[in-house]
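These notebook entries record what I looked up in one structure.

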Amino acid sequence: MSEIVDQNRKIAFSKLFGERKRELPRGIVSVCSAHPLVVEAALRRASDEGSVALIEATCNQVNQEGGYTGMTPAAFRRFIERIAEKVGFRPENIIFGGDHLGPNPWRKLAAEEAMSRAAKMVEAYVEAGFEKLHLDTSTGCAGEAAALPDELTAERAARLAKAAEDAARRAGRRPPVYIIGTEVPPPGGATHAIEELEVTRSEAAAKTLAVHAAAFDEAAVSEAMDRVIGVVVQPGVEFGNANVVLYKPEKARELASRLNRMPGLLFEAHSTDYQTAEGLSSLVDDGFAILKVGPGLTFALREAFYALDAIRAILLPERTAGNLPAEMEAIMVGQPQHWSGHYHGSSDEMRLQRHFSYSDRIRYYWPESEALRAVESLFAELPDTIPETLISQHLARVYPDVVAGRVPPRARDLCLAAIDSALTPYSVATATTRQLR
């Protein structure tokens with residue numbers, strides 16, 4: 001890693017961490033999930049490591065109108081802080097972030113109406129104390145192209161930055177730091193098999209920075225541009241419903257070298273779910289220091305749920321009630337809005353995707369009352385001590401920690417351990433190296 005890139009990292013993380021006195025990490029994992037077990041696992045890991053936790057919400061998930069979680073930014077923050085209190089994690093060591101903040105939730109409306117609502121959303125995020133905002137205004141609205149020109153995207157981002165700056169001033173809050181750039185699929189991920197990805201060109205990253213600087217200056221928010229800490233680019237990582245594109249450092253070499261000419265900035269990598277430990281470490285080495293993960297964590301949780309259901313079937317052979325996959329299938333078929341249009345193929349192929357897709361759109365259904373009752377019943381019907389041999393058979397990824405005594409052989413603890421195992425390579429990739437001053 002070049003000394004310049006290392007210095008960029010130091011400057012960016014100093015702005016992100018603010019007054020928090022922490023060791024300067026090589027990178028940081030951004031956990032993008034509203035599932036309470038995922039959040040708990042992430043906060044427990046951060047507590048064990050003595051690190052800051054970066055928790056982010058997306059525009060479709062959380063906004064001033066409730067999003068698909070039904071939570072406003074203030075409600076989401078309270079939700080996370082209640083979990084932090086439960087696990088003994090200091091809430092001041094949580095950095096709250098907003099992802100893809102822009103008109104996407106209202107893209108079917110005319111541009112002015114969509115942007116007006118997006119500005120209200122950004123204000124709500126800032127008022128709730130969110131400190132890291134990814135401005136994503138590349139989505140076309142009614143009557144516009146699906147992808148907008150860079151200059152218009154930057155102009156709209158500057159408008160949202162001004163809304164954020166004004167909101168911070170009114171609320172007496174520290175102004176946020178920003179992420180710009182949108183060279184990733186829209187929120188929700190790719191909807192098709194991916195064979196090859198085009199890595200962001202070095203010149204494109206430079207242009208993104210230049211047009212945003214000009215737009216911020218025109219909107220009289222140049223001070224906000226000074227707090228831009230990163231640019232979203234495509235380093236060549238993504239996952240579809242059935243496959244994962246792994247990071248190949250040689251293909252991103254030219255892009256990574258651009259950071260040598262982008263003072264104080266780092267790259268933010270989206271869709272890093274399911275990357276290998278080696279790949280994540282290479283991403284951080286190359287300056288992609290913010291690693292976003294979400295579906296990969298709920299995928300690990302779903303694996304644990306289904307494994308526990310299989311164990312229940314062995315331990316309770318006389319049980320006649322429905323199993324968890326069947327109950328989730330009924331919920332998803334009855335409410336197809338979260339997967340219809342994302343999964344394709346025959347009825348059998350779509351059934352497989354509903355449960356086992358890397359995109360993990362089943363995650364939208366775990367908060368449903370029927371799903372909550374089904375999981376609660378699963379936990380209640382399992383013994384406090386689940387046989388190690390069945391854990392070996394159905395939960396191999398956490399079995400070594402169980403036999404070593406690090407994880408109790410109880411259903412809830414096994415679920416947390418499964419999520420934690422998916423977080424482990426991120427901890428390795430982003431391990432701290434020096435003191436932040």
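This is a predicted model: local features need pLDDT of at least 70, side-chain atom pairs count only at pLDDT 80 or more; totals for chains, interfaces and linings use all residues.

**Entry 1. Backbone angles**

I placed Asp360 in the loop between α12 (347-356) and α13 (369-381). I took helices (H or I, at least four residues) and strands (E, at least two) as DSSP runs, numbered from the N terminus. Residues are numbered from 1 along each chain as its sequence is written, and side-chain values use heavy atoms, with hydrogens and water left out.

Asp360 is not a glycine, yet I found a positive phi of about 55 degrees for it. Its relative accessibility is 1%, which counts as buried.

His100 belongs to strand β4 (residues 94-101) and is buried at 5% relative accessibility.

**Entry 2. Salt bridges**

Side chains of opposite charge can pair when their charged atoms come close. My criterion was a side-chain nitrogen of Lys or Arg within 4 Å of a carboxyl oxygen of Asp or Glu. By this rule I count 33 salt bridges.

Which residue forms a salt bridge with Arg117 at 3.4 Å? I found Glu65, 3.4 Å being the distance between the closest N and O atoms. This pair links distant parts of the chain, 52 residues apart: Arg117 is in helix α4 (residues 111-127), and Glu65 is in the loop between β3 and α3 (73-87). Arg117 is partly exposed at 28%, and Glu65 is partly exposed at 48%.

Arg117 also forms a salt bridge with Glu113, with the closest N and O atoms 2.8 Å apart. Glu113 and Arg117 are four residues apart in helix α4, so about one helical turn separates them. Glu113 is partly exposed, with a relative accessible area of 36%.

I then looked up Lys292 and Glu268, whose side chains meet in a salt bridge at 3.9 Å, N to O. Lys292 is in strand β11 (residues 288-293) and Glu268 in strand β10 (residues 266-269), so the pair ties together parts 24 residues apart in sequence. Lys292 is buried at 3% relative accessibility, and Glu268 is buried at 0%. Salt bridges with shared partners join Glu56, Asp99, Lys132, Glu268 and Lys292 into one network.

**Entry 3. Cysteines**

I searched the whole structure for disulfides, taken as pairs of cysteine sulfur atoms within 2.5 Å, and found zero. For Cys32, the nearest cysteine sulfur is that of Cys59, 12 Å away. Cys32 is buried at 18% relative accessibility, and Cys415 is buried at 0%.

**Entry 4. Second largest pocket**

I recorded a volume of about 420 Å³ for the second largest pocket. Of its 24 lining residues, the closest to its centre are Ile28, Glu49, Ser51, Val52 and Thr430. A pocket here is an open set of points on a 1 Å grid over the protein atoms alone, where a 1.4 Å probe fits, with protein on both sides within 12 Å along at least five of seven lines; lining residues have an atom within 4 Å of a point. Grid points are joined across faces, edges and corners, and the volume is the space filled by probe spheres set on them.

Helix α2 gives the largest share of the lining, four residues.

Technical notes. Buried means under 20% relative accessible area, exposed over 50%, partly exposed in between (1.4 Å probe, protein chains only).
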